[in-house]
Amino acid sequence: MKKTFGQIIRQARKEQEYSQRELAKIVGVNYTYLSKLENDHAGYPPSEEVIEALGKNLNLDVQELTTLAGRIKPEDEQVFRELVQQYQEMPAFLRRMQSNPQFAKKVLSEAEKIENED
């Protein structure tokens, strides 16, 4: 099973023998916030600056952390906006993919087949 953002941060912090307070100070966040991040209960994705600081200080891949944290790159956000404007049913489609992982896998698999045919 794939680990969450918080699980990866916690494991790396412990491997490098940082306490939550030590790492929070290095990264520039409150230790209670770091605790929420480690427990995947922050309520919103951490900023790009926090993700970069965590990646740098824990020797983790920042791009992977960004994806796991649920942050969308500005260029991807623009793509989503354009798709929603072009296809009004897109939000409902994405919600269905979110609520039904098997449906999402099937859609992505079919899209990959079509792309490979081209």
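How large is the volume of the largest pocket? About 450 Å³. This is a predicted model, where local features need pLDDT of at least 70 and side-chain atom pairs count only at pLDDT 80 or more, while totals for chains, interfaces and linings use all residues. Numbering runs from 1 along each chain as its sequence is written, and side-chain values use heavy atoms, with hydrogens and water left out.

**View 1. The largest pocket and its lining.** Here you are looking at G70, I72, F80, R81, V84, L94, R95, M97 and Q98, which line the largest pocket. (A pocket is an open set of points on a 1 Å grid over the protein atoms alone, where a 1.4 Å probe fits, with protein on both sides within 12 Å along at least five of seven lines; lining residues have an atom within 4 Å of a point. Its volume is the space filled by probe spheres set on the points.) Helix 6 (74-86) and helix 7 (90-99) each bring at least two lining residues, and helix 7 gives the most, with 4. (Helices are DSSP runs, H or I, of at least four residues, numbered from the N terminus.) Sorted by class, the lining has 5 nonpolar, 2 polar and 2 charged residues; Gly counts as polar here, and Asp, Glu, Lys and Arg as charged, with Ala, Val, Leu, Ile, Met, Phe, Trp, Tyr, Cys and Pro as nonpolar.

**View 2. F5 and the largest nonpolar core.** This core has 19 residues, and F5, I9, V27, V29, L34, L37 and L54 touch the most other members. (A nonpolar core is a set of buried Ala, Val, Leu, Ile, Met, Phe, Trp, Tyr and Cys residues joined through side-chain atoms within 4.5 Å; buried means under 20% relative accessible area, exposed over 50%, and partly exposed in between, with a 1.4 Å probe and protein chains only.) Helix 4 gives the most to this core, with 5 residues. Leaving out residues up to four places away in sequence, F5 touches L37, D40, P46, I51, L54, L65, L68 and A69. (Contact means heavy atoms within 4.5 Å.)

**View 3. Two loop residues with positive phi.** Most residues other than glycine have a negative phi. E17, not a glycine, has a positive phi of about 60°; look for E17 in the loop between helix 1 (5-15) and helix 2 (20-27). At 69% relative accessibility, E17 is exposed. D40 also isn't a glycine and has a positive phi of about 55°. D40 sits in the loop between helix 3 (31-38) and helix 4 (48-58), partly exposed at 38%.
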